[in-house]
Amino acid sequence: MFRLFLVLIFAIFNISIFSHETIILNSNTQTVLMGKSVYIYEDRFNALDFQTISHPDFQKNFILSQSDTINYSYSPHAYWFRFDIENEDFQTLNWLLEIGYSHLDSIEFYFEKDNVWTKKKYGDL
């Protein structure tokens with residue numbers, strides 16, 4: 001069973017707990033290819049949880065993607081993706097995150113708002 005875990009570290013203001021490329025969004029943004037702004041960790045044993053993967057000491061294990069698009073084809077491993085998004089506008093904007101691979105069994109999406117982490121599950125539930 002192929003599992004994909006998606007981690008979103010959401011930076012509303014210009015504050016980031018990790019130092020890397022931030023995806024900038026504003027009212028003029030149409031489309032963003034996120035590939036080269038995403039850090040990836042391959043969990044070969046499918047054993048890690050969000051608390052472990054999000055710990056500051058674990059962040060050195062993530063590797064910055066070198067591709068505009070991310071494609072791992074079929075794999076029995078879990079993948080963790082980490083990226084920051086900054087909204088430059090003062091107003092709330094609605095955005096769509098498209099995962100362009102229809103054969104994924106499940107996606108767990110984590111986001112932070114007001115210092116509270118929320119998990120959303122998508123896929124074959």
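This is a predicted model: local features need pLDDT of at least 70, side-chain atom pairs count only at pLDDT 80 or more; totals for chains, interfaces and linings use all residues.
You'll find Asn26 in the loop between β3 (22–25) and β4 (39–43). Is Asn26 buried or exposed? It counts as buried because its relative accessibility is 17%, and the cut-off for buried is under 20%. Leaving out residues up to four places away in sequence, Asn26 touches Asn87, Glu88, Asp89, Leu93 and Trp95.

Now zoom out to the whole chain. It has 1 helix and 9 strands, and from the N terminus the elements go β-β-β-β-α-β-β-β-β-β. Among contacts with a separation of 6 or more, 73% link residues 24 or more positions apart.

What sits inside? The largest nonpolar core has 9 residues: Ile23, Leu25, Met34, Val38, Ile40, Tyr79, Phe81, Phe83 and Ile85. Two elements, β3 and β6 (78–82), each give two or more residues to this core. Apart from it lies another core of 8 residues, including Tyr39, Ile53, Phe58 and Trp80.

Here are some values for the chain:

| Item | Value |
|---|---|
| Residues that count as buried | 38% of 125 residues |
| Accessible surface | about 8600 Å² |
| Carbon and sulfur part of that surface | 51% |
| Mean pLDDT | 81 |
| Residues with pLDDT of 70 or more | 82% |

One stretch needs some care. Over residues 1–19, pLDDT stays under 50, though the model has 73 contacts beyond four places in sequence for them.

Key
Residues are numbered from 1 along each chain as its sequence is written. Side-chain values use heavy atoms; hydrogens and water are left out. Helices (H or I, at least four residues) and strands (E, at least two) are DSSP runs, numbered from the N terminus. Buried means under 20% relative accessible area, exposed over 50%, partly exposed in between (1.4 Å probe, protein chains only). Contact means heavy atoms within 4.5 Å. pLDDT is the predictor's confidence in each residue, from 0 to 100. A nonpolar core is a set of buried Ala, Val, Leu, Ile, Met, Phe, Trp, Tyr and Cys residues joined through side-chain atoms within 4.5 Å. Accessible areas come from the Shrake-Rupley method with a 1.4 Å probe; for residues, only the protein chains shown count as cover.
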